[in-house]
Amino acid sequence: MIADLMSDSLRASGLSALMRGAGMVTRFIPIPQPTLLVGPGSSARLGQAVAGFGHRKILVVTDAIISRLGLLKPLTEALEAGGARFVVFDKITPDAPIPLIEEGIAFFQEHDCDAIVAFGGGSAMDASKAIAVAVANPKPLRQLAGYFKGLRTPVRIYAVPTTAGTGSEVTVAAVISDPERGRKLVIVDPRIVPKMAALDPSLMTGLPPAVTAATGIDALTHAIEAFVGNWKTPYSDGMALSAVGLIFENLRTAYREGGNLQAREKMSLASTYAGFAFTRANVGYVHAIAHQFGGRYHTPHGLANAIMLPHVLRFSAPAITDKLAQLAVRAKLGTEGDEPETLANRFLDAVEALNRDLGIPETLAALREEDISDLARVAQHEAMTGYPVPRYMTQEECEAMIRKVLPRPEKTAAPARKTAAKAGTGAAAKAAPRRPARRKTGADAA
């Protein structure tokens, strides 16, 4: 009741202070960091290491495409050579829905496993984390959503990312979908950070350009939102700035030259650095809105982030000019001697240019006007109760921002007769037989 009577500015001020206070607490929560193996062949080296840890049986969680392409072979051959027993659960689909997670839990238990290797994109890693928590804490997945809901230590996880975007190999969160309610659920627990991760660029050379683009901007979003938010620390700032520099230097190359191992490796490092940054400093409105697109329309998370990032940055810009200027310098868009406003505008323009160069659409084809109010309401709740955003929106501002990415009506093609007339100097027009002029009627004149 009191909150309803508060002005938007007063509410935003109170939320900002509350989030800053929460940030002072969270910065002292210990977050483990996995051992990183980096470079071509590192997935096999991870298999060698895991085989020596004496696990009873290992569950490899992946998707059918990865399994069919044979990307698992270096890992599984190393496990076999080391005498480790394992089984493969390759049914993961985008957004990792609750029923699929439950199937994975049953598979883990049926085969008497005691460790997990997450092999794939964000969905495989998030599914693995959810399975690891649920196996150790047997209760409905919806009851595990939120912060520190599992009392018992999750099953040990190892990770091999096959995209450079989510950073899930180093994060404390697992995002899964609840198709029954059309929502995303987030499980947060520092104990689900993988113990070891392999950043193997040779697994990423076959990624389609569109996936490279969306996942790359996903990593950029993690880095930017961590850097401009109110939970930033010197450590998260260092990781975020490193990620932004690597992404601006290498994402276009990885997009155009999929087989470029150097660009792929640097993008995988950028994704991991961004993961380190937002694990400590959290995210913001881009994610709050993107999660709603994913929950309702099954929009790939990286794509949803990429579409919303320019709009959220433009809205937040008045509150983060100096931070945007720092990002611009790291992206090599200017020097520290330039005016902060100039640098900030260059960075905003550069993000939009990067999206264009990568073929990111400006609108979300699935978005419907009738959904916008509810999407904004849930996004507002997520941002205001969980994220240290630098500038809060009102419900109306959030709706207006989402409305900017509504699909635009297609322009009706001009009638053939008018088109031909405009092209009167073209070869087709010259070849066309002349017809007697016809006197215009009233309908023609109108």
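R391 lies over the face of F315, at 4.1 Å from the ring centre, where a charge sits over a ring if NZ of Lys or CZ of Arg is within 6 Å of the ring centre and within 35 degrees of the ring normal. K232 likewise lies over the face of F227, at 3.9 Å from the ring centre. The model is predicted, and local features need pLDDT of at least 70, side-chain atom pairs count only at pLDDT 80 or more, while totals for chains, interfaces and linings use all residues. Residues are numbered from 1 along each chain as its sequence is written, and side-chain values use heavy atoms, with hydrogens and water left out.

**Aromatic pairs**

- The structure holds five aromatic pairs, and rings of Phe, Tyr and Trp (its six-membered ring) pair if their centres lie within 6.5 Å, with planes under 30 degrees apart counted as stacked, over 60 as edge-to-face and the rest as tilted.
- One of these pairs joins Y147 and F148, whose ring centres are 6.1 Å apart and whose planes stand at 55°, so the pair is tilted.
- Y147 counts as partly exposed at 49% relative accessibility, and F148 is partly exposed with a relative accessible area of 43%, given that buried means under 20% relative accessible area, exposed over 50%, and partly exposed in between (1.4 Å probe, protein chains only).
- The rings of F248 and F347 have their centres 5.8 Å apart and their planes at 50°, so this pair is tilted.
- The pair links distant parts of the chain, with F248 in helix α10 and F347 in helix α15 (residues 340-357), 99 residues apart, and both F248 and F347 are buried.

**Helices**

- Helices (H or I, at least four residues) and strands (E, at least two) are DSSP runs, numbered from the N terminus.
- Helix α10, covering residues 234-256, has 23 residues and reaches 34 Å from its first C-alpha to its last, close to the 33 Å expected at 1.5 Å a residue, where the expected span is 1.5 Å times one less than the number of residues.
- At N250, α10 bends by about 40°, the bend being the angle between axes fitted to the seven residues ending there and the seven starting there.
- In helix α7 (residues 122-136), 14 of the 15 residues are buried, so α7 is largely enclosed by the rest of the structure.

**The open sheet**

- Three strands form an open sheet in the order β5-β8-β7, with mixed pairing, and two strands pair if DSSP finds at least two bridges between them.
- The edge strands are β5 (146-147) and β7 (173-178), each of which pairs on one side only.
- Two bridges join β5 to strand β8 (residues 183-188), and these strands run parallel, with G146 standing opposite I187 in β8.
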